[in-house]
Number of protein chains: 2
Amino acid sequence: MKIEIKDLIQDGPKYVLPNISVDSVIFGYHEKELKVLLQRPQGISKWMLPGGYVHRDETIKQAAERVVKNRTGLDRLFLNQFQSFGTPTRTKDSELTPALFAEINQMELDENHWMFDYFVSIGFYSLTEFSKVVPSGEFYLEECTWWNIGDLPSLLYDHQEIIEAALKALRLHIYHYPIGYELLPEKFTLPEIHSLYETILDKTFDSRNFGKKLIATGIIKKLDERRNIGAHRAPFLYVFDMENYNQALENGYALFV
Amino acid sequence: MKIEIKDLIQDGPKYVLPNISVDSVIFGYHEKELKVLLQRPQGISKWMLPGGYVHRDETIKQAAERVVKNRTGLDRLFLNQFQSFGTPTRTKDSELTPALFAEINQMELDENHWMFDYFVSIGFYSLTEFSKVVPSGEFYLEECTWWNIGDLPSLLYDHQEIIEAALKALRLHIYHYPIGYELLPEKFTLPEIHSLYETILDKTFDSRNFGKKLIATGIIKKLDERRNIGAHRAPFLYVFDMENYNQALENGYALFV
């Protein structure tokens with residue numbers, strides 16, 4: 001169901017659940033860098049997460065998927081719900097008042113407008129290869145771009161806190177669910193997957209031990225094939241064992257590195 | 001703020017957030033048994049989790065705490081948010097229709113009443129020593145009691161799914177956050193804490209190895225004191241190191257057993 005923006009602003013709760021939003025923290029990995037996708041609406045200086053409302057005929061997960069796709073052009077992302085945020089004042093922000101919002105949208109809006117009520121937001125995170133995606137925001141966004149996780153701009157509402165919670169959840173999940181399939185080339189070297197884990201966890205691991213432990217989980221397997229990267233340097237290539245990988249995604253496991 | 005039940009039913013959204021509820025999965029541990037606290041409202045045969053609405057002046061966590069305290073008599077429980085549940089039909093159940101609810105409460109209620117709309121529920125879980133607590137439900141509850149986790153009754157709505165998700169979350173968290181302070185006597189033996197982990201995880205661990213790993217985390221420390229449990233049997237007693245325990249609660253750790 002496509003809802004016109006004017007109808008949404010005027011009669012929102014007819015189409016969407018009032019007081020509930022979804023926000024998505026989309027992490028992007030590329031060659032030892034971890035970034036997060038943020039957008040900046042017209043007329044304000046602070047940045048925010050891609051987020052939106054839940055239509056009355058969709059699940060909260062479908063809402064998150066639709067919002068991410070509409071707002072960023074990213075399709076078929078693996079979205080993982082991690083935490084909900086609910087404090088009465090979390091979406092009060094002097095940067096984005098009902099009056100300013102009304103001005104930007106050229107309409108009348110009172111102080112008690114449903115969009116500025118107490119909102120509980122359900123947080124999802126995703127992990128993607130950021131060099132493969134071209135973010136493209138919707139009409140009302142001025143910018144939509146990747147930011148380094150260690151160097152974020154000033155964020156609207158409690159979105160800084162949401163990003164921190166998402167990162168904490170991602171780092172916990174990584175020890176129990178496999179990652180990497182969407183982030184690495186089909187055939188990769190042990191140093192490549194080692195860098196991926198080190199970057200996301202912001203830790204260093206002994207490389208020999210890390211490789212041994214990861215192989216022991218069964219999610220990757222060695223090929224009888226090498227990559228030539230220079231004189232006398234030709235590391236073996238690995239691929240994910242998709243049967244074990246998917247089973248681990250389903251049931252969890254414990255990676256002790 | 002105390003809201004009268006008649007006012008709540010008639011004008012709910014004036015006092016509470018519409019379309020949002022909190023549900024709590026309260027696990028109880030006692031001597032190798034894991035149970036969950038359930039309640040059965042008057043007039044229906046299915047059981048449900050203690051749950052309720054979010055007042056407009058409280059956070060979602062405060063709502064969960066208030067609900068658990070009011071409905072069960074349990075105070076100061078450690079509640080851990082683990083997942084939110086939102087599908088359009090999750091609270092449609094032929095066991096509890098608007099008509100039946102109206103009859104029980106002796107009032108008129110139409111099919112589109114706010115209480116029977118699409119609700120997103122925010123799930124919390126808690127872990128407590130069930131022999132220490134006497135559950136006591138509110139007036140409209142017929143029963144409120146502990147059920148064995150492996151032998152649950154028929155549950156209302158999606159509450160079976162919520163319990164399974166809570167258990168999965170608890171079992172993941174246990175490897176990264178310390179448990180036991182509320183569940184064991186102040187001084188305990190290694191076999192006692194070993195049983196606690198085995199019961200919650202529904203797994204067996206080599207006892208020597210388990211003790212060694214747990215001591216290595218720093219959260220427990222050996223006392224120069226033993227408990228006499230029979231001829232020639234006097235295992236050493238342990239206590240939690242509260243400084244390390246609280247730090248691990250804050251920052252997480254990895255227990256590899």
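A salt bridge is a side-chain nitrogen of Lys or Arg within 4 Å of a carboxyl oxygen of Asp or Glu. A:Asp117 and B:Arg56 form such a bridge, with their closest N and O atoms 3.1 Å apart. The model described here is predicted.

**How the two chains are related**

- Chain B superposes on chain A by a rotation of 180° with 0.0 Å of shift along the axis, and the RMSD is 0.0 Å.
- The two copies are therefore related as by a two-fold rotation axis.
- Of the interface residues of chain B, 100% are also interface residues in chain A, so the copies meet through the same surface.

**The interface between chain B and chain A**

- The contact involves 31 residues from chain B and 31 residues from chain A.
- Side chains of opposite charge can pair when their charged atoms come close.
- Between chain B and chain A there are also 10 residue pairs in polar contact, both residues being at pLDDT 80 or more.
- On the side of chain B that touches chain A, at least two residues each come from strand 1 (16–30), strand 3 (51–55), strand 4 (80–85), strand 5 (120–129) and helix 4 (159–173) of chain B.
- Sorted by class, that side of chain B holds 15 nonpolar, 10 polar and 6 charged residues.

**The two domains of chain A**

- In chain A, 7 residues of domain 1 are in contact with 7 residues of domain 2.
- These two domains of chain A bury about 650 Å² between them, with 71% of it on carbon and sulfur atoms.
- On the domain 1 side, A:Tyr29, A:Lys32 and A:Arg171 lose the most area to domain 2 of chain A, together 69% of what that side buries.
- Across the interface of domain 1 and domain 2 of chain A, the rule finds 0 salt bridges, while 2 residue pairs are in polar contact, both residues at pLDDT 80 or more.
- Strand 2 (33–41) and helix 4 (159–173) of chain A are the elements that give two or more residues to the side of domain 1 touching domain 2.
- The residues on that side of domain 1 of chain A comprise 4 nonpolar, no polar and 3 charged.

**Salt bridges over all chains**

- The total over all chains is 20 salt bridges by this rule.
- Within chain A, A:Arg40 forms a salt bridge with A:Glu142, and the closest N and O atoms are 3.3 Å apart.
- A:Arg40 is in strand 2 of chain A and A:Glu142 is in strand 6 (residues 141–148) of chain A, so this pair ties together parts that are 102 residues apart in sequence.

**The two ends of helix 7 of chain B**

- Where helix 7 (residues 242–251) of chain B starts, a side-chain oxygen of B:Asp241 comes to within 3.1 Å of the backbone nitrogen of B:Glu243.
- B:Gly252 follows helix 7 of chain B and has a positive phi, near 80°.

Key: Residues are numbered from 1 along each chain as its sequence is written. Chains are lettered from A and ligands numbered from 1 in the order in which they are written. This is a predicted model: local features need pLDDT of at least 70, side-chain atom pairs count only at pLDDT 80 or more; totals for chains, interfaces and linings use all residues. Side-chain values use heavy atoms; hydrogens and water are left out. Contact means heavy atoms within 4.5 Å. Buried area is the accessible area (1.4 Å probe) that two parts lose on being put together, summed over both. A polar contact is a pair of N or O atoms within 3.5 Å; within protein, one must be able to donate a hydrogen and the other to accept it, and residues adjacent in sequence count only if both atoms are side-chain atoms. Helices (H or I, at least four residues) and strands (E, at least two) are DSSP runs, numbered from the N terminus. Ala, Val, Leu, Ile, Met, Phe, Trp, Tyr, Cys and Pro count as nonpolar, Asp, Glu, Lys and Arg as charged, and the others, Gly among them, as polar. Copies are superposed by least squares on the C-alpha atoms of residues with pLDDT of at least 70 in both.
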